[in-house]
Structure formats: structure tokens, C-alpha cells
Amino acid sequence: MLDIGIGFSLEDNSFLAAEEAIKQAKNQLNNSEKIDLCLVFNSYDFSAAGAIRGFNALLRDVPIIGASGPAIISDKGIFKHGIAVMLLGFPDGAYCRVAATRDISEKNPFNCGKELAEKLLLGFKNIPRNLGLLFFDQQIEGGPNFIAGLQDNLGRGFPCIGTSLSNQYDPSHSCLYLNNEAINNSCAGILWGGKTTFGVGIKHGWKPLGKPHTVSSAVGNIINAIDGKPAIEIYENYLGYDAAKLTKDLRKLSISYPIGVFIPGEKEYLLRSVVSIEQRGALVCQGSILEGSTIRLMISTPETCLAATTQAIAEAKKNLSGSLFKQGIVRNSRFAIVFSSISRYNLLRRDIKKELNLIKAGLKDTRFLGIYTSGELAPITAGSYRGQIYFHNQDFSVLIIEG
Amino acid sequence: MFEVNTVLAFIGLLVVIALTFLLLSKDSKMNSLQAAVDNLQRALDEMDEQAKLVVRTDIELNKAQEELDRKITSLYTLQKLSRTISSTLEENQIFKKVELSYLADLGFQKALAFLFDEKENKFSLRLSLGYEEEEAAKIKTFIDAHKETYNGLIHNEKAVSSIASRENPADTKSTKETFGVVSFVFAPILAKEGNPGLLFVGAEKTDTIITEGDEELITILANQIGQALENARLFEKTWQAHQDLENRVEERTRELSRALEEVKKLSQRKNDFVSNVSHELRTPLTSIKGYASILLSGKLGVLPEEVGKRLAKINKHSDELVSFVNDLLDLSRIESGKVELKLAPLNLKSIVDEVADLLAVQFKEKQIEFSSESPADLPEVMADYSQIKRTFINLINNSVKYTPQGKIKVSLTRLDKEVQVDVSDTGCGMPESAMDKLFTEFYRVDSVMNQEIKGTGLGLAMVKNIVTAHKGKIWVKSKVGSGTTFSFTLPQAY
């Protein structure tokens with residue numbers, strides 16, 4: 001049976017904060033001597049070095065993985081300043097391994113994915129592997145290739161979910177935790193295996209608007225042309241703004257009106273928010289987009305956004321009971337990890353507490369911890385998973401683990 | 001053969017007719033489908049146009065909602081901040097209460113506050129948020145170099161900001177560069193008391209749009225700071241005044257203590273003098289009285305009648321003088337604490353009865369009706385018998401003196417921890433002006449009657465000293481023509 005302890009601290013001193021959070025979490029464990037994993041989330045303004053000293057003092061050899069982000073989600077509230085830890089003790093027959101691949105911006109994404117998979121697989125002989133959980137500290141060029149490299153070693157269609165936590169305003173402040181190190185320009189991952197059951201749900205709540213368009217020219221995450229015209233025209237036409245105004249405001253506007261990519265066979269569109277506008281009206285998106293894709297302008301309201309949160313949790317719970325990552329384990333205790341896009345935070349503004357209330361209501365007695373992200377990694381619809389993992393923008397995703 | 005060809009030709013004709021018909025039908029269907037496609041395309045285009053309207057309306061609604069949210073958040077933050085600031089009465093603490101988290105909730109990342117010292121003609125930095133120490137120092141140097149401009153902003157008494165359409169006395173571009181922000185608001189900190197100042201807030205995010213609402217909010221915040229500064233300065237002034245007052249009271253108390261010490265010394269000297277003089281007087285008086293007694297007794301021969309009368313007067317006046325000197329001595333002893341009170345539980349009622357017996361002749365002579373009143377459960381008092389008896393004798397005697405004919409009554413009343421004695425008479429009474437000095441040594445009420453009644457002015461002073469030495473209180477109530485009541489208290493024995 002999973003042993004779960006969650007601790008939280010708002011202390012300014014990161015060393016003391018880490019200590020306080022770990023002590024709180026340890027106190028909740030049935031057996032504080034057997035800790036198999038420590039998951040850490042903290043706000044960008046925390047000093048990682050101080051936190052690591054705190055971990056070293058109290059956790060010694062416990063594997064640690066985590067990331068910094070714009071805000072932390074916990075049952076106590078949403079905090080722009082704080083640190084949260086989740087300590088886990090696994091039941092017999094359940095395993096996990098943490099590893100990272102570094103300097104990802106300088107390497108071939110496919111090879112990076114393969115490298116991470118190789119590191120994660122060490123020690124996994126004869127143990128069935130179930131799910132990969134990945135953390136990126138920045139937006140990765142060639143994300144699909146990274147996943148392809150990862151799946152090349154872990155298995156074609158191997159399920160993975162994850163998140164990108166790049167700090168758009170000050171990248172030097174974002175970091176990942178791996179054991180007793182704070183790392184940058186990396187991807188850190190956990191490979192879960194053995195007797196644990198998973199349920200994943202992901203939804204965004206944006207609806208298509210207007211007629212479909214075709215991406216007539218795109219490279220990576222840059223859309224050059226839509227319907228044979230400069231890509232920026234899609235926003236000029238719908239929003240009624242000129243290029244100068246869009247250059248200034250599109251990053252913010254695209255949170256509300258992202259581009260939705262139609263994926264054949266999927267009910268939901270894959271969202272792409274626009275980061276900037278390049279010369280000749282090309283749109284730089286958060287996440288790649290394929291040439292020839294059918295796209296729509298997307299729109300949402302706080303209500304549809306919040307409804308998506310409830311739907312994602314319902315989907316994760318449904319999956320947990322069987323269809324996606326079925327392991328046939330008798331239900332024991334469970335916990336959840338939630339990732340919500342910072343765009344949702346910005347869109348919901350004062351209604352953000354409503355999202356937290358929905359998470360609490362949806363997960364009920366399931367203990368959870370989460371973080372706001374700048375991108376999510378998951379299948380489009382977890383319920384109809386066909387091995388394809390996508391980088392998402394503006395989604396709410398939840399992973400429920402039971403064991 | 002002909003028939004076969006005819007049949008075939010007919011069939012061929014039929015096929016051609018059928019195909020023509022089919023072709024015509026398909027063409028019509030194609031036309032109809034094309035029309036449907038055209039309709040669909042038109043509907044799609046119309047829908048797209050509607051979508052544009054929806055998006056544009058949504059943008060406007062979002063903008064309004066966002067502005068509303070910002071205003072609500074800002075107002076809420078401003079309210080919290082105002083409450084925190086206004087609860088501070090120390091000038092330096094006021095600026096420390098403005099924290100980065102409040103600033104972030106107002107939509108800004110940087111803030112500076114300067115106060116302008118008009119005497120020294122320079123700005124002082126009082127608040128720096130979002131800046132390194134060096135950066136803030138650099139900006140202060142810049143402000144000092146452009147003193148007139150920034151002082152002008154204070155005296156304009158209006159906020160200025162980076163809103164493009166507004167006139168800005170401080171150059172917007174150089175302000176943005178110097179302060180390292182994309183947008184900003186300056187608001188004057190105005191206070192009636194003390195130095196005015198300038199509050200600067202800035203945003204470094206490019207998507208922050210400064211509105212008139214921001215100007216108003218920052219103006220309110222600057223006003224709150226100004227008000228808090230004014231309060232702090234007034235409080236400081238009041239506190240200073242209070243301190244001055246306390247110092248003066250302390251100084252005056254010291255002076256009074258010194259004066260009191262001086263008075264005590266003088267009083268002691270007076271007592272010593274009175275004591276010495278009294279002793280010196282008693283010796284010759286004793287001789288005078290002795291000789292007068294011998295002469296009066298006739299042992300040295302029979303005296304002529306007139307000489308006997310004069311000697312009797314010498315003897316009587318000698319007795320009065322001895323009594324006076326004794327009183328003086330007693331007063332002096334009690335005042336200087338030289339008399340040790342022999343405290344014991346006493347029954348006041350029996351003392352009153354004893355004194356009444358003692359003075360019975362005088363009551364009779366002046367046709368005075370004496371009475372006393374006492375509750376059955378009157379507790380005993382802790383007092384010196386001889387001194388208390390003397391007190392009663394003095395007070396009742398006093399009443400007898402000033403009551404030509406009438407009543408004297410002694411009432412004993414049980415209080416919480418004391419017993420109250422009231423000696424009242426139906427005598428001539430005295431004016432209110434006399435009451436304050438009544439217990440002062442040698443004081444005698446200035447009245448026609450008093451000129452005829454003999455007295456030293458020491459009796460009541462002695463009574464007061466005795467009562468005070470017993471930790472009791474004494475007071476008097478009187479009305480001319482209606483009589484007088486002397487009251488005093490003594491502590492209960494148990």
C-alpha cells in the first residue's frame with residue numbers, strides 16, 4: 001500500500017522551508033524510515049541551493065525529483081511563493097527510477113530521449129514498466145523527436161506524461177531537481193513500474209471558432225503561412241488588430257485565442273499558443289505544428305475552462321479503473337499529481353480558486369500536489385490512447401497513481 | 001436481318017435517350033449540389049464573419065473583465081495596504097510596510113519612494129522594491145541631478161504616468177531607461193506636516209498597460225502614505241510634547257520634594273524651637289506658680305485682700321500658661337512623631353461617656369443638652385486611649401465654647417473598616433471661608449464671639465495631628481447660626 005506524506009512551507013529561507021516541508025510530510029508517513037521517492041515543487045523565487053541543503057539534511061539517499069514553477073497547487077491553496085514535497089513509500093512490487101538528460105538544447109532531441117530512456121531503464125530488468133513522468137525546464141525544439149527517442153527505448157506507444165516549466169520572463173530562475181542537484185537545460189524523468197495503477201486525464205476547454213484553415217507552410221514550431229497567406233493574417237482577420245498591435249499583444253491574446261490543431265480521430269483539438277511573431281508574419285508557437293495541419297482559431301470562457309478541469313479528473317478516474325494503464329491491482333491508497341497551464345491561471349484570474357475547488361471536489365479523498373506549467377506532455381485524449389504523445393498548451397492534466 | 005437492325009437501332013435510340021436523360025438529370029443534380037456547396041460556403045463564410053464578431057466582442061468583454069478584476073484586486077490590495085500603513089505610527093516603519101507582494105498585486109514590480117528635505121534641498125530614498133542597492137543609488141543620483149523636475153512633480157500635486165496621451169514633465173523615455181521599466185506612475189506624497197515626497201511604481205513587463213485607473217490607485221496609495229506620515233509626525237510631536245510635559249512634571253516634583261524637605265526641616269526646627277522655648281518657659285512658670293501658691297496659702301502671712309485677688313489671678317493665668325505650654329509641647333511632639341502611640345482596642349462609647357461626665361458641670365452651666373448615639377454592635381477601634389480621650393475633650397469643649405445654649409451630640413457610626421465619630425452642636429457655626437484654615441496652628445475664626453472666648457488656636461491642630469497619626473481623617477461642616485459638626489474616623493480594631 002502506498003505510503004503518502006505531503007508537506008508545505010511558505011518560509012522565505014529555502015533551507016528552513018525545505019526542512020519544514022519534509023518534516024511535515026514525514027510526520028504523515030506510516031513508516032518514515034522507508035521513503036522511496038521525494039517529489040518537489042517550488043516557486044521560481046526559491047533558492048534551489050538552499051532547498052537541496054534541506055533535502056540532504058533530512059532525506060540522505062532518497063531519490064528526489066522535482067521542478068520550480070510559477071505557482072504551486074496544493075489542497076491548502078495556490079501559492080506563488082512556497083515549497084511543497086510529496087514523500088512516497090512504495091508497496092512491495094512497486095518500483096520507480098529517476099534520471100535526467102542534460103544540455104538538451106545542444107543535443108539531438110531523438111538522442112536525448114533515447115539517453116533518458118536508457119538511464120531510466122537501468123535496474124528495470126524483469127520489472128514491468130508502466131508510465132514515464134517527465135519534467136522539462138524549458139521548451140524543447142523537436143519535442144516529438146525527443147518522445148520518439150524515448151519511446152524507441154521504452155517501447156513504441158509507451159505512455160508518458162509530463163510538463164515543461166520554462167520561466168518565460170527569467171529562464172535563469174527555473175530549474176529541475178534530481179537527487180541532490182539542481183539542473184538546467186535538462187529533462188528529468190521518473191519511470192514507474194511494478195504493481196501500481198495509473199489514471200491520466202487531460203483537457204483544455206477551448207472550442208473551435210470560425211472556419212477551418214490549412215497550415216500551408218510550417219517548420220518545427222513556426223507557422224509561416226496559413227491558407228497560402230502570411231500566418232499572422234489569421235489573427236489580423238479575426239481579432240481586427242494590425243500587425244504592430246499584434247506584435248505587442250499577441251502573446252497575451254493567444255492565451256485566450258490559441259490555435260487549435262485538428263488531430264484525426266481525436267475529439268479535442270491540440271492547442272498551440274503563440275509566443276511571438278517573426279518576419280513576414282510567421283507565428284512562433286509553443287510546441288511544434290505540422291505542415292498541412294487543419295487548424296481553427298479557438299475560444300473559451302472561464303466556464304468551459306473550469307468544466308475541462310472536472311472532465312480531466314473524471315477521465316483520470318475512469319482510466320484508473322481500467323482502460324489505459326491497466327494492471328489489475330486491487331485498489332489501495334492513491335495520490336494525484338496535477339499540472340495546470342499558467343495560461344489558465346492568467347485567464348481565470350480571480351476565478352483561479354474555483355479551479356482549485358474543482359480539483360479538491362473531483363479528487364475528494366485523494367491527496368494531491370501540483371504545479372502551474374508552461375506546457376504539458378500527454379496523449380490528447382487519455383481514454384483513447386494510441387501511443388501518440390503530444391506537447392500541449394493551456395491544458396489541465398492529472399495523473400492519479402494507486403498502489 | 002432488316003428487322004434485327006431496326007430493333008438494334010431502336011434499342012440504340014432508347015439507350016441514347018436514356019443516357020441523355022441521365023446526363024440531363026446528373027447535370028441538374030450537379031447544379032443543385034453546386035448550389036448547395038455554394039450555400040454551404042456562403043454559410044461558412046458568414047459563420048466565419050460571425051466568428052470574427054464573436055472574437056472581437058469577446059476581446060472587449062475580456063478587456064472590461066480584466067480591468068474590473070484588476071481594479072477589484074488593486075482596491076482590495078490598496079485596502080489591505082492602507083490598513084497596514086495607517087496602523088503604523090513610526091515614520092520609518094511606514095515604508096517598510098509596503099512589500100513586494102502588495103506591489104505585485106497592484107500589477108507592478110518596482111517601486112521607489114523619496115522624501116524631499118526642503119531645508120537641505122535634497123531627496124532621501126525611503127523605499128526601494130525590485131531594485132538592487134546599486135540600482136536604487138544610481139536612480140537617486142539621477143533624481144538629485146534633476147531635482148527641479150522631480151520636485152516639480154511633487155508641487156504639481158498630480159500623478160503623472162507613461163500613458164502616451166498624457167503630458168509628462170519628466171521625460172518618459174529617459175524615465176523608462178533610468179528606472180528600468182516599461183511603464184510607470186509617479187504620484188506625489190503630500191503631508192501637511194513635514195517633508196513631501198514622491199512615490200514611483202513601475203512595470204517591467206511589456207504587456208502591462210497603465211490606465212487612468214492605475215494613476216488613481218497610486219495617487220490614493222501616495223495619499224495614504226502621506227496621511228500616515230502626517231499621523232506619524234503628529235504622533236511624534238504629541239509624544240514629544242508628552243515627554244516634555246512628563247519631564248517638566250518630574251522636574252516640578254523634584255522641586256516640590258526639595259521644598260517639602262525644606263518645609264520639613266523648617267517644621268522640625270520650629271518644633272525644636274517650640275519644644276525648647278516651652279521647656280524654658282515651664283521652669284520659671286513653675287517657680288511663679290509655686291511662689292504664688294505659697295503666698296496664697298498664707299504661710300508667709302496674711303495678705304491684704306487686693307493682693308490676694310491679684311495673686312489668685314497670677315495663679316490662674318499661670319495655670320492657663322502651663323496648660324498652653326503643655327499643649328504646645330504635645331503638638332510639637334505629635335507632629336514630629338516623638339509621641340509613641342500606645343495602640344489598643346478601645347470602646348469609643350465608654351470614652352464618650354467618660355468625657356461627658358468630665359464636662360457635665362460645663363454642660364449644666366451653659367444649659368447644654370448633651371447626648372450620644374451609638375449602634376449596639378459598634379466595633380472597637382485601634383487607638384491610643386489618652387490621645388483619643390484628649391481628642392474628644394478638645395472637640396466637645398470646643399462645641400461647649402461656641403454653643404451659648406443648645407445641644408451637643410456625639411454620634412458613633414460603623415463604616416466598612418472604620419468607625420466615624422460626629423461631634424455636632426447647635427452653636428453659632430462659622431463661615432465657609434474659615435473651614436480650610438481651621439486645623440492650622442494658632443488659627444482662630446475672626447468673629448465678634450471669638451473675641452470674647454479664650455483660646456490658643458492649638459486645640460484643633462492637635463486634634464488633627466492625633467487623628468492623622470491614627471491613620472484617620474478629620475473634616476468639618478458648619479453653617480453660621482446653625483451649628484457645627486466635626487467628624488473624624490478611626491480604624492476598626494479587627
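This is a predicted model: local features need pLDDT of at least 70, side-chain atom pairs count only at pLDDT 80 or more; totals for chains, interfaces and linings use all residues.
Colleague: At what angle do the axes of α9(B) and α11(B) cross?
Modeller: Roughly 50°, where α9 (residues 348-358) and α11 (residues 385-401) of chain B have axes that come within 10 Å. α9(B) is therefore oblique to α11(B) (under 35 degrees is roughly parallel, over 145 roughly antiparallel, 65 to 115 roughly perpendicular, the rest oblique). Axes are lines fitted to C-alpha atoms, for helices over the stretch in contact, and angles run from 0 to 180 degrees between N-to-C directions.

Colleague: Which residues make that contact?
Modeller: From α9(B) there are I351(B), V352(B), E354(B), V355(B) and L358(B), and from α11(B) I388(B), K389(B), F392(B), I393(B) and I396(B). By class, 8 are nonpolar, none polar and 2 charged. Contact means C-beta atoms, placed from the backbone, within 7 Å. Ala, Val, Leu, Ile, Met, Phe, Trp, Tyr, Cys and Pro count as nonpolar, Asp, Glu, Lys and Arg as charged, and the others, Gly among them, as polar.

Colleague: What about numbering and confidence?
Modeller: Residues are numbered from 1 along each chain as its sequence is written, with chains lettered from A and ligands numbered from 1 in written order. Local features need pLDDT of at least 70 and side-chain atom pairs 80 or more, while totals for chains, interfaces and linings use all residues.

Colleague: Staying in chain B, why is α14 largely enclosed?
Modeller: Because 9 of the 11 residues of α14(B), 459-469, are buried (20 or more other C-beta atoms within 10 Å of their own, with C-beta placed from the backbone; 12 or fewer is exposed, in between partly exposed). Among the buried ones are L460(B), M462(B) and K464(B).

Colleague: What covers them?
Modeller: The cover includes α8 (305-335), α11, β11 (474-479) and β12 (483-491) of chain B. K471(B), which follows α14(B), has a positive phi near 65°.

Colleague: Chain A next. How many helices and strands?
Modeller: Chain A has 9 helices and 26 strands. Of its 403 residues, 55% are buried.

Colleague: What order do the strands of the open sheet have?
Modeller: The 6 strands run β1-β6-β2-β3-β10-β11 in chain A, with mixed pairing. β1 (3-9) and β11 (181-183) of chain A are at the edges with a single partner strand each, so one side of each has no neighbour in the sheet. On average, neighbouring strands are turned by 15° against each other, direction ignored. Helix α1 (residues 14-28) of chain A packs on this sheet, where α1(A) touches β1 and β6 (83-89) of chain A; the directions of α1(A) and β1(A) make about 150°.

Colleague: Do β2 and β3 of chain A pair in the parallel or antiparallel sense?
Modeller: Parallel, over 6 bridges, between β2 (37-43) and β3 (64-69) of chain A; pairing requires at least two DSSP bridges. V40(A) is opposite G66(A) in β3(A).

Colleague: At what angle do α1(A) and α2(A) pack?
Modeller: About 40°, with the axes of α1(A) and α2(A), residues 48-59, 7 Å apart. That makes α1(A) oblique to α2(A), and the crossing is right-handed.

Colleague: How many residues of chain B are in contact with chain A?
Modeller: 15 residues of chain B contact 16 residues of chain A. The chain B side has 7 nonpolar, 2 polar and 6 charged residues.

Methods. Two residues are in contact if their C-beta atoms, placed from the backbone, lie within 7 Å. Helices (H or I, at least four residues) and strands (E, at least two) are DSSP runs, numbered from the N terminus. A crossing is left-handed if the near helix is turned anticlockwise from the far one by less than a right angle, and right-handed if clockwise.
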